[in-house]
Amino acid sequence: MMDMGNPELTEDFRQAMRRVASTVNVISICVGGEPMGITATAVSSISMDPASLLICINRASTVYAPLSDVTHFRVNVLHRDQEWIATMFADRGQRALRFSAGWQVDCALPPRLLDAQASMLCRRIDHHQFGTHSIFIGVVEEVAVREDVHPLVYLDGRYASASD
């Protein structure tokens, strides 16, 4: 295991991870009839059978505790033209504006970004704590995709495009 008490190693690891391009997502949930969400890049498929995903959420995040108790979460994969959504969900000061337009919100299920690159509803089946984060595992129950494939990515501390 990496010793995160070593500041030099921590910085080296941070720099290494800045070189890994990640798709930008908004993880959404509903708690007590209220929609909640967070920008996240730590999302990965686990298996095709059953179709499943994992998401990693910082335990200091405002959605961490509620996510530990909900039955479902949704991964909304952002399109390149949705950088503003990523910025809004990363800024706690814009919390009131997050679901104001472009979302299907009824809180029977987690909110779905209607024009997302892809949107996957997951039934949360497990989670594991590790370091500063927890890994949440979900079985995919519903998928919606946008026709044009142009995901928003995060690379070297900024938003970018995936190119062929």
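Which strands make up the open sheet of three, and in what order do they sit? Hello everyone, let's start there. Please keep in mind that we are looking at a predicted model.

The order is E1-E11-E12, and the pairing is antiparallel. At the edges stand strand E1, residues 22-23, and strand E12, residues 158-161. Each of these two has a single partner strand, so one side of each is left without a neighbour in the sheet. As a reminder, strands of a sheet pair through backbone hydrogen bonds, either parallel or antiparallel. Now look at E1 together with strand E11, which covers residues 152-155: two bridges join them.

What about the largest pocket? Its volume is about 1,500 Å³. It is lined by 38 residues, and those nearest its centre are Thr41, Ala42, Asn58, Thr132 and His133. Several elements each give at least two residues to the lining of the largest pocket, among them helix H1 (7-17), helix H3 (83-90), strand E3 (34-40) and strand E10 (133-145). E11, from our sheet, is another of these contributors. By class, this lining has 19 nonpolar, 13 polar and six charged residues.

Let's move on to the cysteines. How many disulfides does a search of the whole structure find? The search finds one. It joins Cys30 to Cys107, with the sulfurs 2.1 Å apart. The torsion about that S-S bond is about -65 degrees, so the disulfide is left-handed. Cys30 lies in strand E2 (residues 25-31), while Cys107 is in the loop between strand E7 (103-104) and strand E8 (112-113), so the pair ties together parts that are 77 residues apart in sequence. Cys30 is buried, with a relative accessible area of 15%.

Cys56, on the other hand, is in no disulfide. Its nearest cysteine sulfur belongs to Cys122, and that sulfur is 13 Å away, too far for a bond. How do these two compare in accessibility? Cys56 counts as partly exposed, because its relative accessibility is 22%, whereas Cys122 is buried at 0%.

Is Ser52 buried or exposed? Its relative accessibility is 8%, so Ser52 counts as buried. Leaving out residues up to four places away in sequence, Ser52 touches Ser44, Ser45, Ile46 and Ser47, along with Gly138, Val139 and Val140.

The other stop is Val143, in strand E10. Val143 counts as exposed, because its relative accessibility is 52%. Beyond its neighbours within four places in sequence, Val143 is in contact with Ser119 and Met120. Val143 and Val75 are 68 residues apart in sequence, and their C-alpha atoms are 9.6 Å apart in space.

Methods
Residues are numbered from 1 along each chain as its sequence is written. This is a predicted model: local features need pLDDT of at least 70, side-chain atom pairs count only at pLDDT 80 or more; totals for chains, interfaces and linings use all residues. Side-chain values use heavy atoms; hydrogens and water are left out. Buried means under 20% relative accessible area, exposed over 50%, partly exposed in between (1.4 Å probe, protein chains only). Contact means heavy atoms within 4.5 Å. A disulfide is a pair of cysteine sulfur atoms within 2.5 Å. Helices (H or I, at least four residues) and strands (E, at least two) are DSSP runs, numbered from the N terminus. Two strands pair if DSSP finds at least two bridges between them. On a 1 Å grid over the protein atoms alone, a cavity is a set of points where a 1.4 Å probe fits but cannot get out, and a pocket is an open set with protein on both sides within 12 Å along at least five of seven lines; lining residues have an atom within 4 Å of a point. Grid points are joined across faces, edges and corners, and a volume is the space filled by probe spheres set on the points. Ala, Val, Leu, Ile, Met, Phe, Trp, Tyr, Cys and Pro count as nonpolar, Asp, Glu, Lys and Arg as charged, and the others, Gly among them, as polar.
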